[in-house]
Amino acid sequence: MSEQKIVDVSNVSMSYRRTRHRVSSLKQTAIDTINRRLSYEQFFALRDVSFEINRGETVAVIGRNGAGKSTLLKVVARVLPPTSGRVIVRGDVAPMIELGAGFNPELTGAENIMLYGTLLGRTPQQMQNRIEAIADWAGLSEHMDIPIRAYSSGMTARLAFATATDTTPDLLLIDEILSVGDEDFKDKSKARTIEMMNSGCAVLLVTHDLTAVTSMSSRAIYLENGSSKSTGKPEDVVASYLDDVHH
Amino acid sequence: MSDVKVYDSDVKLVPVISQMRAIWENRGLLSLLVRRDLTVRYKRSIIGIWWSLLNPLFTTAVMYYVFNTVFKSRLPGGAPFLPYLLSGVLLMAFFNQGLTMGADSVATGAGVLTKVYVRPEIFAASSAISSAINFLIGMIPMTAVLLIAKERPGFASPLVLVVILCMTLFVTGLALLLSIAYINFDDSRSLITIFLMALQYMTPVFYPISVLGPHTKRVIMLNPLTSYLDVFRSVYGGGAVVTWHEWAMMIASAICAFVVGFWVFIRKWPGLVSKL
């Protein structure tokens, strides 16, 4: 039954060496080096985090800002290689993180669907067959041949959402459950997200919406300063988080 | 279940080989990125294509006036100056554009690269390829100038493709190295502009190598771009005599820049992506 285990994160730590003053210019670096003021500090974004997600499960990650939630998503998304520990992910991953990154304003709606879908790991052939359906779902069929710089921000968001959610992956990474566009589309996109979450794939959900955590997830992880402070039943984890917040 | 993609962070990527395989496996994405670059540049029109030729043609016109009319420089043997100059301007534009666009597209690709797993090398390669296509388009007026000057691209002209291939590899490798500087230091962009200007003068774009003294000549011949330019001029036109030594220099520098660029980049990328 090992195929049921979609995500296996074991003892993952992420650390960076960063300069104390966050220097980012050559001039400043040269000055600081000469004056011997350039000092580095080791910064741990994640410390010894382990968890698994099986097919059909939703694992929620909660914690304060800067606790390492986004870093954890990026590690699972393969964007950041862990400093130590091991990550195994089986199957297709759909990251629903800042949708529409990679859109180019000069390209038409159809061209952006092609490019964005391919960036998300699908093949151009697959995308070619899906352009119409995606445009239709986003309610933008009549606007496919114009550059998206002529779109409103709501239209762009709808196009991004429709493209990102067109396939059902094995693993869904969600950074806050999005609802985009106008009122109608908000309901529609939220419903689609929940439909995807219930489709039997594994879900890693990062959110500040604690009601969503208790109602939608099978397990929860509470991160603090990069370490998992408590894990287990969503109600218990949320309770321990709230306990800390109120003190 | 054998076709299920598995990501295991313990499986380490092999420098150069893994990266080249990633580019090959994502060739669909690569071609879309090239098409994006060209669409954005040419704005889907013939005028757009001509417009983007204005820059090299105008640069050539200005330099022609300055060096041919004002300084009255002459090439040895009375060879026509215009094809010589234009070939230099076009090849330098290929290099400059591929390098800066490539580094930029990796450095500014942060929006995508920090959210989705895509090898950034694909972005650098796509910029190099679209600069190569731009160069090919520039060869249309170049050919016209050659014909007007009553020179004719010779039998060796298909060898231009070797020059283009080498330059594409050369520029991709260097663009990856430059992107590391771009990401680490905000002010490296202005420094590179100065460096590229110096490099332009160190390449025989508008002067013949024969006017140089022995010491300067040695320095100029050490510049790999000189070998690209000499090979290009000798196989296509523009007037240059090339030695096997320059062919070797061109091919070796292309392979070196590509391998070193990919090698260093794969080592540095995990540290860079957390800075984006």
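A residue is taken as buried if 20 or more other C-beta atoms lie within 10 Å of its own, as exposed if 12 or fewer do, and as partly exposed in between, with C-beta atoms placed from the backbone. The model is predicted, so that local features need pLDDT of at least 70 and side-chain atom pairs count only at pLDDT 80 or more, while totals for chains, interfaces and linings use all residues. Residues are numbered from 1 along each chain as its sequence is written, and chains are lettered from A and ligands numbered from 1 in the order in which they are written.

Val34(B) counts as partly exposed because it has 19 C-beta neighbours inside 10 Å. Val34(B) belongs to helix H2 (residues 27–42) of chain B; helices (H or I, at least four residues) and strands (E, at least two) are DSSP runs, numbered from the N terminus. Not counting residues up to four places away in sequence, Val34(B) touches Ser126(B), Ile129(B) and Ser130(B), contact requiring C-beta atoms, placed from the backbone, within 7 Å. The C-alpha atoms of Val34(B) and Ser130(B) lie 5.5 Å apart, although 96 residues separate the two in sequence.

The contact between the chains takes 29 residues from chain B and 36 residues from chain A. On the side of chain B that touches chain A, H2(B) supplies the largest share, six residues. Three bridges join strand S4 (residues 84–90) of chain A to S1(B), and these strands run antiparallel; two strands pair if DSSP finds at least two bridges between them. Ile88(A) stands opposite Asp8(B) in S1(B).

Key. Two residues are in contact if their C-beta atoms, placed from the backbone, lie within 7 Å.
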